[in-house]
Structures are given as C-alpha cells and as structure tokens.
Amino acid sequence: MSYEVIVIGGNFAGLSAAMQLTRARRRVLLVDAGAPRNRFSLASHGFLGQDGRAPVAIMGEGKRQLSLYPNITLRDGKVSRAQKEGDEFVVTIEGGGEERAARLILATGVSDTLPDILGLRERWGRSALHCPYCHGYEVSGGELGILANHPHSAHSAMMIPDWGATTFFTQVLFEPDEEQLARLTARGVRIERSPVVELLGDSPKLQAVRLADGRTVPLDAIFVAPKTAMASPIAEQLGCAFDDGPFGPVIRTGENKETSVKGIFAAGDAASSMHNATLASASGVLAGVHCHQSMVIPPAG
C-alpha cells in the first residue's frame with residue numbers, strides 16, 4: 001500500500017483528521033474535491049483563533065501547514081468510488097487512478113437543499129443563514145426572521161430574539177403548539193402565518209420578504225435550516241450504516257468516530273446533526289486520533 005490512511009475531504013474535519021495522523025508519522029493521502037459546504041460564506045465566525053476569516057483562507061492555511069510534513073500527500077480531485085478488497089480499501093480518483101490504504105476517514109460533507117422560494121438561493125450564506133451561533137452577531141440588532149421548514153423550527157425561533165426582533169414564519173407547515181406558542185410569545189416573537197414567497201432587496205442583501213397574501217415584511221436577515229443529503233456516495237458504496245437526523249441522514253459512528261464498517265472513520269457534517277466549524281474540526285481530531293490508535297492497539301478479544 002502506498003498509504004496507511006486516505007482522508008476523503010479537505011474541509012475543517014478532514015484537515016484536522018489528517019493533521020493528527022501526519023503528526024503520528026503515518027503515510028497519509030488527503031483527497032479534496034474543492035467544493036466545501038461553507039464556500040458560500042464570506043467568513044467563519046465563532047471559531048476560536050479564526051473568527052472572521054474566510055473559510056477558504058482557513059483551509060488554505062491548513063493545507064499549507066500540512067504540506068510541510070514529508071509523510072502527507074495532498075491531492076485535488078473527486079473520489080468517485082471506494083471499495084474494500086481484503087484488508088485494504090481501494091479508492092478511485094476521477095482522472096487520477098486508484099490508491100490503497102488500510103484505513104479511510106470520510107469527511108465528505110453534506111449538500112444543502114433550500115426551500116423553493118424566489119431570491120433565497122442567491123442570498124444563501126450572506127443574508128439567508130443557517131446558524132445564529134455562526135452568523136447571528138453580524139446581523140444583530142436588525143429585523144430577523146426564521147423560516148419554518150422542519151419540526152424543530154419553533155425551538156430555533158426561541159433562540160433568535162437574543163440577536164434581534166424576530167418573526168417566525170410558519171409557512172403553513174409547522175404551527176406552534178400551545179406550549180411553544182406561549183414560549184414564543186414570552187420571547188417577543190411575532191408569528192406570521194402567511195407563507196413567504198419571495199425575498200426582496202439588492203442581493204445578496206435582504207430588505208424584506210413578500211408574503212403569499214401580498215404584504216411585505218421588512219427583514220435584514222432570515223434563518224433557515226436546509227434539508228441535507230450526503231455530498232458523496234462513498235459512504236453508501238462502502239456499506240456504512242446511516243441514522244436519520246433532523247435535517248437528513250448522517251453516517252452512524254461510535255464514540256471513537258468509527259463507522260459500522262471496521263477501518264472506516266467519519267467526521268464533520270456528514271457524521272453529525274450539529275453543524276459548526278469548531279465541532280467539525282474537533283470531530284476530525286477525534287477521527288484521526290482513534291484511527292491511529294486502531295492501527296496500534298489490537299482489538300479486544
């Protein structure tokens with residue numbers, strides 16, 4: 001085998017996993033398709049030591065630091081197929097042949113499917129946002145909305161008033177129950193039952209939303225949790241088990257980040273329902289450390 005570990009995905013999780021293994025002096029290949037989920041955001045926030053830096057800059061610096069180690073190879077490319085052959089994993093890279101390793105780390109990420117609302121897609125990551133902890137401070141003090149598109153939307157709406165005056169748009173999909181309504185009212189959240197049909201303003205900025213009944217509601221930013229899907233078919237090809245998350249499937253892992261397939265570890269958004277730069281990086285560290293230990297410590301029994 002040319003490599004001991006192949007890491008698929010070069011975002012925060014994959015780079016963090018590769019760093020642990022590289023510093024453990026293992027022969028590592030990191031393959032990055034170059035289409036990270038956070039490519040639509042101008043800056044990453046709440047990431048200690050990196051607050052306000054562009055995600056592409058953070059990843060670029062991570063790759064630069066990794067490249068200083070002699071035992072890692074960084075490859076740009078898309079992994080189109082992976083399979084197990086005996087004790088090895090065989091990875092096919094589009095236009096780049098096959099590579100083999102004893103272990104795999106999947107940091108393949110997820111893709112987002114947004115509600116089909118005019119003007120939403122072009123504002124994604126700018127004034128249409130997914131996480132108040134990641135972007136709330138930057139829009140704080142303004143008129144904020146939250147678009148109900150999943151069962152936990154009302155819970156999310158209870159958080160938003162800490163950043164600004166909040167309107168909860170039920171979209172005629174997720175009407176708050178009596179307890180939720182009482183809590184939202186106590187938090188000063190306005191309930192709007194006419195669906196949002198269009199986002200208005202000089203994109204990527206947001207000035208207002210148009211409702212199905214013709215009214216407009218002034219807004220500076222709107223929060224929406226997109227539905228997610230695996231950004232890569234590799235985990236499914238390898239037979240990894242999945243769990244149903246609140247927004248879409250996630251790769252099932254144990255506390256050591258190993259999947260249901262021995263020798264394959266997973267980290268980042270593909271393996272967690274909580275999506276955050278710090279958490280993605282931390283999960284990559286755990287995957288890298290446990291992957292290394294799996295090569296050193298024989299399994300119990």
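Predicted model: local features only at pLDDT ≥ 70, side-chain atom pairs only at ≥ 80, totals over all residues.
Residues are numbered from 1 along each chain as its sequence is written, and side-chain values use heavy atoms, with hydrogens and water left out.

Let's begin with helix α1, residues 12-23. When I say helix or strand, I mean DSSP runs numbered from the N terminus: H or I of at least four residues for helices, E of at least two for strands. Which helix does α1 cross at roughly 35 degrees? The partner is α7, residues 277-296, and the two axes come within 7 Å. Axes here are lines fitted to C-alpha atoms, for helices over the stretch in contact, and angles run from 0 to 180 degrees between N-to-C directions. The crossing of α1 with α7 is right-handed. As for the wording, right-handed means that the near helix is turned clockwise from the far one by less than a right angle, and left-handed means anticlockwise.

On the α1 side, the residues that meet α7 are F12, A13, S16, A17, Q20 and L21. Among their partners in α7 are A277, A280, G284, G288 and C291. Contact, throughout this talk, means heavy atoms within 4.5 Å. Sorted by class, the α1 and α7 contact holds 10 nonpolar, 7 polar and no charged residues. The classes go like this: Ala, Val, Leu, Ile, Met, Phe, Trp, Tyr, Cys and Pro are nonpolar, Asp, Glu, Lys and Arg are charged, and the others, Gly among them, are polar.

Now for the other neighbour of α1 on my list. Helix α2, residues 55-67, packs with α1 at about 15 degrees, with the axes 10 Å apart. The two helices are therefore roughly parallel to each other; that label is for angles under 35 degrees, while over 145 is roughly antiparallel, 65 to 115 roughly perpendicular, and the rest oblique. The crossing of α1 and α2 is left-handed. From α1 come F12, L15, A18, M19 and T22, and from α2 come P55, I58, M59, K63, Q65 and L66. That contact has 8 nonpolar, 2 polar and 1 charged residues.

Next, the inside of the protein. How many residues does the largest nonpolar core have? It has 25, and those with the most contacts inside it are I6, V91, L106, L238, C240, I251 and I264. A nonpolar core is a set of buried Ala, Val, Leu, Ile, Met, Phe, Trp, Tyr and Cys residues joined through side-chain atoms within 4.5 Å. Buried means under 20% relative accessible area, exposed means over 50%, and partly exposed is in between, using a 1.4 Å probe and protein chains only. Elements giving two or more residues to this core include β1 (5-8), β2 (28-32) and α6 (234-237). Strand β5 gives the largest share, 3 residues.

Leaving aside neighbours within four places in sequence, I6 is in contact with residues including L29, V31, V91, R103 and I105. There is also a second, separate core of 24 residues, which includes V7, A13, I105 and C291.

Now some backbone details. Most residues other than glycine have a negative phi, and most peptide bonds are trans. R25, which is not a glycine, has a positive phi of about 70 degrees. R25 lies in the loop between α1 and β2 and counts as exposed at 74% relative accessibility. V172 also has a positive phi, about 55 degrees. Is V172 buried or exposed? V172 is exposed, at 62% relative accessible area, and sits in the loop between β11 and α5. Q171 has its place in the loop between β11 (165-169) and α5 (178-186), but Q171 is buried, at 13%. Elsewhere, the S203 to P204 peptide bond is cis, with omega near 15 degrees, and P204 belongs to the loop between β13 (196-200) and β14 (208-211).

I'll finish with two threonines. T228 is in strand β17, residues 227-230, and is buried at 10% relative accessibility. T253 is in the loop between β19 (249-251) and β20, and is partly exposed at 23%. Though T253 and A287 are 34 residues apart along the chain, their C-alpha atoms are separated by 9.9 Å.
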